[in-house]
2 protein chains.
Amino acid sequence: MHKEIIKDIGEKELIRRIAKYMPANQTSDDCAFVESKKEDLLINTDLMVENTHFNQKVISPRDIGWKSVATNYSDLISSGCIEFVGINIGLVLTSDTEWEWVQELYEGFYEALKKFGGAILGGDCSRGENKMISITAIGLQGKLKLRRNACEPGEILLTTGIHGLSKLGLLLKKNQLNIEELNLSEKLINLSIDAFRRPTPKSKILKTIIQSSEFFIKKEIGCTDSSDGFYQAILDLSKESKCKAVIDYQKIPKSDLWPNGERWDQFYFFGGEDYELLISLPRDWAKKLIQLDDRITEIGYFVKGSPNVDIKNYPNQNKLDNNSYSHF
Amino acid sequence: MHKEIIKDIGEKELIRRIAKYMPANQTSDDCAFVESKKEDLLINTDLMVENTHFNQKVISPRDIGWKSVATNYSDLISSGCIEFVGINIGLVLTSDTEWEWVQELYEGFYEALKKFGGAILGGDCSRGENKMISITAIGLQGKLKLRRNACEPGEILLTTGIHGLSKLGLLLKKNQLNIEELNLSEKLINLSIDAFRRPTPKSKILKTIIQSSEFFIKKEIGCTDSSDGFYQAILDLSKESKCKAVIDYQKIPKSDLWPNGERWDQFYFFGGEDYELLISLPRDWAKKLIQLDDRITEIGYFVKGSPNVDIKNYPNQNKLDNNSYSHF
């Protein structure tokens, strides 16, 4: 079957085809125009580089498209975004890229935008020796600001969900685990692969936080997402807020299907790409929030002290290697 | 001498060093926060890919930094930007990149931002097999909108300056021209290399256009920049505005130093990266504008008809090959 490649299509035709995914009210100009007289803005850029962040053997272009939007939106959410405006896309393609690959990528962007809101605002595309997707997402900043540096001693640390699934999914897709030897259930396998290829940013959590805030007047609360890993997220909150985090290993929520053992703790603590939120709130507010959403779990608290993460009730604390994400 | 490379510095330290170029009011969060309750926004993304847009033998990292900002800002200006908010930077580096290269790049960003306005708002960086810079620039949309599709039959076509210099500069830097054989003056050589490495977006033109508009009530005027080449810019205006452009070859402004001949016309018409503006205005408004800024020149007009560019008074029209920019 003949496959159309980008080199044969040419830049102008490529841009014309891509433009079909943009809303009709965008002009033909290079710039995207955004009406925004009401709210302040949040802006976030994330890169997806072939062979660094993704590999064609492990993830489809449609999933890459979804995931690029999801990861960017997760950053906006963790700053208190109340509405997604959309994304600008910088796309680098090799000249032998098939058009179908590009189309699937854009279908993935489109699926995620349809689910979470916002539109493709504009972008640029170019040839390169490797594929690269640079997404800049824009959202409206709500009145309640979520910030890494807003945690306070005495506050409760909450997580919106469980961790480690995405890392497990990646390793499964890479065939780096022996499923039979590990005796993994099919359900856990499917959950993990879904978490890896179709992460879901916590787009509805802000409304619940605001709903639970009735009697509380903080205008900034401590929050970040766990894209760089569960442990790193808590360490970041602690460092930026200049206080110590204390978490209780026994309180950390896990799937019933999640095996026990050191390796699984490593996946849980340092896996990354989970896109749950870590939230710091005064005790009463935290309790109210948990009442409204039972997926949210109290896992620890902040105290005065040197920025660090203490893990209580963990049998082998010195065995937890902090091999955090680094792309270099 | 020991050179620090990115692989040894690590991602966290790299981000810390880069953060020093950001304004102090930006938080440590992934998202940039932009106060913007007054105006609508213009957003533009441009890519600079190593070996596609730049080559280390031909341009320094400091010039790449300057040029990335300049090209992005030129797109904002050609849509009617009245104030630059700043840029988000997506940066892909090879792991053997020297820190000095990154520092020089950021000095280049900084120089351009200091000159034209705006700040580094945020970004992302990652490892890749080639260097890549993705800039998303944000500006405030003024009341007068400049758009490719707003030219009208009967209007005058203006250019803010001369073309071809940047292409000449590129070829000189690539050692693809015999300077002695061509008998090029040192002044033209320097002008061309400067145009190539340090383009100047027309950041003050909007004020002059508004100043000259006193009795005119159009809220959108036809405009684009000549980043893709002089001819392509006029063709884009014509296509998007669905009318025919007629230009007079004899009226096109040229430097006294610019040689005559087919090759030089090719550079002029199709060279690209010039960042002048092509503007369409009603006759009286155009005259007023030229009175206020004598670098602006009338070069033609628009008429009803199929979108196209007619070149009057050009001896060898059929010899003008339209080999426009394509990155694939």
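Which residue in β11(A) is the bridge partner of Ile247(A)?

Tutor: Happy to. A word on the source: this is a predicted model, where local features need pLDDT of at least 70 and side-chain atom pairs count only at pLDDT 80 or more, while totals for chains, interfaces and linings use all residues. Residues are numbered from 1 along each chain as its sequence is written, and chains are lettered from A and ligands numbered from 1 in the order in which they are written.

The partner you asked for is Gly300(A). Its setting is the pairing of strand β9 (residues 244-248) with strand β11 (residues 297-303) of chain A, antiparallel and with four bridges. Here two strands pair if DSSP finds at least two bridges between them; helices (H or I, at least four residues) and strands (E, at least two) are DSSP runs, numbered from the N terminus.

Now the sheet itself. Seven strands of chain A make an open, mixed sheet, ordered β6-β8-β10-β7-β11-β9-β12. At its edges are β6 (145-147) and β12 (308-312) of chain A, each pairing on one side only. On average, neighbouring strands are turned by 30 degrees against each other, direction ignored. For such angles, axes are lines fitted to C-alpha atoms, for helices over the stretch in contact, and angles run from 0 to 180 degrees between N-to-C directions.

Two helices pack on this sheet. Helix α9 (residues 230-241) of chain A touches β8 (220-225), β9, β10 (277-281) and β12 of chain A, and its direction makes about 145 degrees with that of β8(A). Helix α11 (residues 283-292) of chain A touches β7 (156-159), β10 and β11 of chain A, and its direction makes about 20 degrees with that of β7(A). Contact means that the C-beta atoms of two residues, placed from the backbone, lie within 7 Å.

Let's zoom out to the domains. Chain A is split into domain 1 (6-141) and domain 2 (145-319), with bounds from an automatic or database domain assignment. Their C-alpha centres lie 27 Å apart. The contact between them takes 17 residues from domain 1 of chain A and 20 residues from domain 2 of chain A. On the domain 1 side, helix α3 (residues 61-77) of chain A gives the most, with nine residues. That side divides into eight nonpolar, six polar and three charged residues, where Ala, Val, Leu, Ile, Met, Phe, Trp, Tyr, Cys and Pro count as nonpolar, Asp, Glu, Lys and Arg as charged, and the others, Gly among them, as polar.
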